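Hi,

Here is the structure I said I would pass on.

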Amino acid sequence: MAMKPEEALRAIAAARGDALCVPTMTTAPAWRTLAPDDQSVGCVGFMGGASSLGLGLALARPDRRVLVFDGDGSLLMQLGSLATVAGAAPRNLVHFLFKNGVYHTSGAQEIPGGGGVDFVQMAKGAGYRAAYAITDVAELQRRLPSLLREEGPILVELHTGLADKTPMTDRGGVPFAEQVERLRGRLIAS
Ligand SMILES: Cc1ncc(C[n+]2csc(CCOP(=O)(O)OP(=O)(O)O)c2C)c(N)n1
Ligand SMILES: [Mg+2]
């Protein structure tokens, strides 16, 4: 049974501690609601860039966990980023992949391969330390404490339905440059 993406994000929000978070695409509006004033930086315009943005943060701040909330269409478009992340081997990076089978944000067109692409195998093949698929929110809640302590980089493929909101139906939020400045200020202070 696919979980609701908002439920998955709620579980992550409850377990994340002081982890830095990088939402993208349909996770962005939901994350704004769940964690309105925290240490997050969204990746919306630069499709496929979430894990690279997360990688930069993870390398810059090895003392903090970095959690990426990626889209399946986005990751497919920049599939080589799996090898980049694996090659850099950030121990503190957890790459959550929200697998809904479609490009929801741009109109829910089916992604290449539909829901059949196995990102767990792809991440392992690229050299991630570990990769898992999780299909229900109870299992996610149960496993999150250890997933967030495990040595990275790890990929967690979450099987989800469609989000209630997309960046197109729920515009707004803080402009990217401002988010970066805000996060930089907080990281320097911490
Ligand atoms: C290079 C590029 N091509 C196309 C787009 C248009 N676009 C924005 S969001 C999106 C779909 C994202 O799909 P996915 O990563 O699966 O996230 P979801 O919306 O399903 O959460 C597309 C095609 C873009 N932003 N950048
Ligand atoms: Mg998608």
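**Aromatic pairs**

F69 is buried, with 0% of its relative accessible area left. Keep in mind while reading that this is a predicted model. F96 also comes out as buried, again at 0% relative accessibility. These two Phe residues form an aromatic pair, with 6.1 Å from centre to centre and 55° between the planes, which makes it a tilted one. F69 belongs to strand β2 (residues 66–71) and F96 to strand β3 (residues 93–99), so the pair links parts of the chain that are 27 residues apart. Both rings are also members of a cluster, in which ring pairs join W31, F69, F96 and F98.

In total there are four aromatic pairs. Another one of them is F46 with F176: the ring centres are 5.1 Å apart and the planes meet at 70°, so this pair is edge-to-face, the cut-off for that being over 60 degrees. F46 is in the loop between α2 (27–34) and α3 (50–60), while F176 is in helix α8 (residues 176–189), so the contact ties together parts that are 130 residues apart in sequence.

What is the relative accessible area of F46, and is the residue buried or partly exposed? The value for F46 is 33%, so this residue counts as partly exposed; buried would need under 20%. F176 is partly exposed as well, at 34% relative accessibility.

**A charge over a ring**

One more ring to look at is that of Y132. The charged end of R143 sits over it, 4.8 Å from the ring centre.

**Around the ligand**

Now for ligand 1, which has 15 residues around it. Which of them come nearest? They are T26, D72, G73, S74 and T105.

- The side chain of T26 has an N or O atom 2.6 Å from an oxygen atom of ligand 1.
- V102 takes part through its backbone, where a polar atom is 2.9 Å from an oxygen atom of ligand 1.

As for how much of the ligand is covered, ligand 1 taken alone exposes 590 Å², and the protein buries 71% of that.

That is what I have so far. Send me your thoughts when you have had a look.

Cheers

Terms used
Residues are numbered from 1 along each chain as its sequence is written. Chains are lettered from A and ligands numbered from 1 in the order in which they are written. This is a predicted model: local features need pLDDT of at least 70, side-chain atom pairs count only at pLDDT 80 or more; totals for chains, interfaces and linings use all residues. Side-chain values use heavy atoms; hydrogens and water are left out. Rings of Phe, Tyr and Trp (its six-membered ring) pair if their centres lie within 6.5 Å; planes under 30 degrees apart count as stacked, over 60 as edge-to-face and the rest as tilted. Helices (H or I, at least four residues) and strands (E, at least two) are DSSP runs, numbered from the N terminus. Buried means under 20% relative accessible area, exposed over 50%, partly exposed in between (1.4 Å probe, protein chains only). A charge sits over a ring if NZ of Lys or CZ of Arg is within 6 Å of the ring centre and within 35 degrees of the ring normal. A residue is near a molecule or strand if one of its heavy atoms lies within 4 Å of it. A polar contact is a pair of N or O atoms within 3.5 Å; within protein, one must be able to donate a hydrogen and the other to accept it, and residues adjacent in sequence count only if both atoms are side-chain atoms. Accessible areas come from the Shrake-Rupley method with a 1.4 Å probe; for residues, only the protein chains shown count as cover.
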